[in-house]
Amino acid sequence: PGHPPQPEGSREVIRLTAHVDGNVQGVGFRWWTRQQALELGLVGSAANLPDGRVKVIAEGADEAVGELLRRLWSGPGGVDEVTQEWAAPLGERGFRTF
């Protein structure tokens, strides 16, 4: 859900901006997200927001980005909601945490 399905084995590069709500600050969520993203070959960032959410930006192959989105629900702490926005990639480098 969220972006149009691609043919099996598609390598389209996409950008996901996800806002993760729940008990996700002070529990290692950003570092866990970085580990998952690097394992999936993604670039982007994970940042704490003042309202208690974590903002995750991920760019890479659509299948890998979709897998990260699925994994976000099982991160440390407790995830109540994950909102998602899809866009064309901007050319992120590495995976940073803020």
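In what order do the elements of the chain run from the N terminus on? The order is β-α-β-β-α-β-β, with 2 helices and 5 strands in the chain. Helices (H or I, at least four residues) and strands (E, at least two) are taken as DSSP runs and numbered from the N terminus. The model is predicted, and local features therefore need pLDDT of at least 70, side-chain atom pairs count only at pLDDT 80 or more, and totals for chains, interfaces and linings use all residues. Residues are numbered from 1 along each chain as its sequence is written, and side-chain values use heavy atoms, with hydrogens and water left out.

Of the 98 residues in the chain, 41% are buried. Here buried denotes under 20% relative accessible area, exposed over 50%, and partly exposed the range in between (1.4 Å probe, protein chains only). Among contacts (heavy atoms within 4.5 Å) with a separation of 6 or more, residues 24 or more positions apart account for 76%.

The two helices pack against each other. Helix H1 (residues 29-39) and H2 meet at an angle of about 150°, and their axes are 10 Å apart. Axes are lines fitted to C-alpha atoms, for helices over the stretch in contact, and angles run from 0 to 180 degrees between N-to-C directions. H1 is therefore roughly antiparallel to H2; angles under 35 degrees count as roughly parallel, over 145 as roughly antiparallel, 65 to 115 as roughly perpendicular and the rest as oblique. The crossing of H1 past H2 is right-handed, a crossing being left-handed if the near helix is turned anticlockwise from the far one by less than a right angle, and right-handed if clockwise. On the H1 side, Phe-29, Trp-32, Thr-33, Gln-36, Ala-37 and Glu-39 take part, and they meet Leu-68, Arg-71 and Leu-72 of H2. The residues of this contact comprise 5 nonpolar, 2 polar and 2 charged; Ala, Val, Leu, Ile, Met, Phe, Trp, Tyr, Cys and Pro count as nonpolar, Asp, Glu, Lys and Arg as charged, and the others, Gly among them, as polar.

Helix H2 (residues 62-72) is largely enclosed by the rest of the structure, because 8 of its 11 residues are buried. These are Asp-62, Ala-64, Val-65, Gly-66, Leu-68, Leu-69, Arg-71 and Leu-72. Their cover includes S1, H1, strand S3 (54-61) and S4. Leu-72, found in helix H2, is buried at 0% relative accessibility. Apart from neighbours within four places in sequence, Leu-72 is in contact with Ala-18, Val-20, Phe-29, Trp-32, Thr-33, Val-56, Val-79 and Val-82. Leu-72 and Gln-36 are separated by 36 residues in sequence and by 8.9 Å in space, C-alpha to C-alpha. Thr-33, which lies in helix H1, is likewise buried, with a relative accessibility of 0%. When residues up to four places away in sequence are not counted, Thr-33 touches Ala-46, Val-56, Leu-68, Leu-72 and Phe-95.

The structure holds 7 salt bridges, each defined as a side-chain nitrogen of Lys or Arg within 4 Å of a carboxyl oxygen of Asp or Glu. One of them joins Arg-15 to Glu-92, with the closest N and O atoms 3.0 Å apart. Arg-15 lies in strand S1 (residues 13-23) and Glu-92 in the loop between strand S4 (78-87) and strand S5 (95-97), so this pair ties together parts that are 77 residues apart in sequence. Both partners are buried: the relative accessible area is 10% for Arg-15 and 16% for Glu-92. Glu-92 also forms a salt bridge with Arg-96, the closest N and O atoms being 3.4 Å apart, and Arg-96 is partly exposed, with a relative accessible area of 41%. Through shared partners, salt bridges join Arg-15, Glu-59, Glu-92 and Arg-96 into one network.

A further salt bridge links Glu-67 and Arg-70, where the closest N and O atoms are 3.2 Å apart. Both residues lie in helix H2, 3 residues apart, about one turn of the helix. Glu-67 is partly exposed at 25% relative accessibility, whereas Arg-70 is exposed, with a relative accessible area of 54%.

The loop between S4 and S5 also contains Ala-88, which is exposed at 56% relative accessibility. Ala-88 and Glu-12 are 76 residues apart in sequence, and their C-alpha atoms are 9.9 Å apart in space.
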